[in-house]
Each structure stands twice: as C-alpha cells, then as structure tokens.
Amino acid sequence: QVQLVESGGGLVQVGGSLRLSCAFAGNTASISDIGWYRQVPGKQRELLARISNLGNPNYADSVKGRFTISRDNAKNMVYLEMNRLNPEDTAVYSCNAITWVRGAPIEVWGRGTQVTVSS
C-alpha cells in the first residue's frame, strides 16, 4: 500500500508564492506518476501537473509558467512550487499517485491541503 500526505498550504496574498509538499510512503516501488490536483467546492477536480518516476513533468495550460512540479525519489517527496498566486488559485490541493498492483493501475490520494489566496 501507498500513503500520501500533503503539507505546505496556507494563506498567501495575491502575487505571493507557496511550495506544497507531498510525502509518499509504503510500497513506493509500485508508484509511477504522481500528480497535483485542486478542487473548489462545487467544481470538478482539476489536474495541475504530473511527474513521472523519471522526473518528466507535464502541466495544465492554466498553470504552465507559474507552477513547477518536482520529485525527489531519495526523499520520497513531490513538490509543487506555485508563483504569482491569484484568488482563483484558492482551492484544496491534493496529490495523487498511480501505483501498479499485479499489473493493474490503482490511484491513491492524499487528504489535501488548503490554499487560500487573499486579495
């Protein structure tokens, strides 16, 4: 089994920056991609960025150039550096891992961390 724990959320002013962390534990060898998502109440969860176990990132157009995802497999950590934050970035941010069990992909989610951008 794999467990994910997010941290680093909080209150930040418009234009500020935050770095979110996702710690992963358990059967980490089974993990391939890890992604960051966010969700606002009443809206669909949005994929922001995803990184492979080799460190290859992909970004949603909405955050490209502002957010940076990185991964440190030695520390079992994935990070999301967020810059030039605006009120529309207010959401619960969660990390998601794709794990492989007996050849089948299984998604694992963390509980999320709240990010609030104040104007």
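These are my notebook entries on one chain, taken from a predicted model.

**Overall make-up**

I began with the secondary structure. The chain has zero helices and 11 strands. I then read along the sequence and found the pattern β-β-β-β-β-β-β-β-β-β-β.

**Size and packing**

Next I looked up the dimensions. The C-alpha trace spans about 50 × 30 × 25 Å along its principal axes. I also checked the radius of gyration, which is 14 Å for this chain. A compact globule with 119 residues would have a value near 14 Å, so the two agree.

I asked how much of the chain counts as buried. The answer is 41% of the 119 residues.

Then I turned to contacts along the chain.

**The four-stranded sheet**

Four strands form it, in the order E1-E3-E8-E7. Their pairing is antiparallel. Why is one side of E1 and of E7 left without a neighbour in the sheet? Strand E1 (2-7) and strand E7 (67-72) stand at the edges, and each has a single partner strand, so one side of each stays without a neighbour there.

I followed the E7 end of the order. E7 pairs with strand E8 (residues 77-82) in the antiparallel sense, over six bridges.

**Gly26**

I moved on to a single residue. Gly26 is found in strand E3 (residues 18-26). I looked for what it touches, not counting residues up to four places away in sequence. Gly26 touches Gln1 and Gln3. I also looked up its distance to Val2. Gly26 and Val2 are 24 residues apart along the chain, yet their C-alpha atoms are separated by 4.6 Å.

**Rings and charges**

I finished with the aromatic rings. The count comes to one aromatic pair. Which residue lies over the face of Tyr79? Arg19 does, at 4.2 Å from the ring centre. The charged end of Arg45 sits over the ring of Trp109, 3.7 Å from its centre.

Terms used. Residues are numbered from 1 along each chain as its sequence is written. This is a predicted model: local features need pLDDT of at least 70, side-chain atom pairs count only at pLDDT 80 or more; totals for chains, interfaces and linings use all residues. Side-chain values use heavy atoms; hydrogens and water are left out. Two strands pair if DSSP finds at least two bridges between them. Helices (H or I, at least four residues) and strands (E, at least two) are DSSP runs, numbered from the N terminus. Contact means heavy atoms within 4.5 Å. Rings of Phe, Tyr and Trp (its six-membered ring) pair if their centres lie within 6.5 Å; planes under 30 degrees apart count as stacked, over 60 as edge-to-face and the rest as tilted. A charge sits over a ring if NZ of Lys or CZ of Arg is within 6 Å of the ring centre and within 35 degrees of the ring normal. The radius of gyration is taken over C-alpha atoms; the globule rule is 2.2 Å times the number of residues to the power 0.38. Buried means under 20% relative accessible area, exposed over 50%, partly exposed in between (1.4 Å probe, protein chains only).
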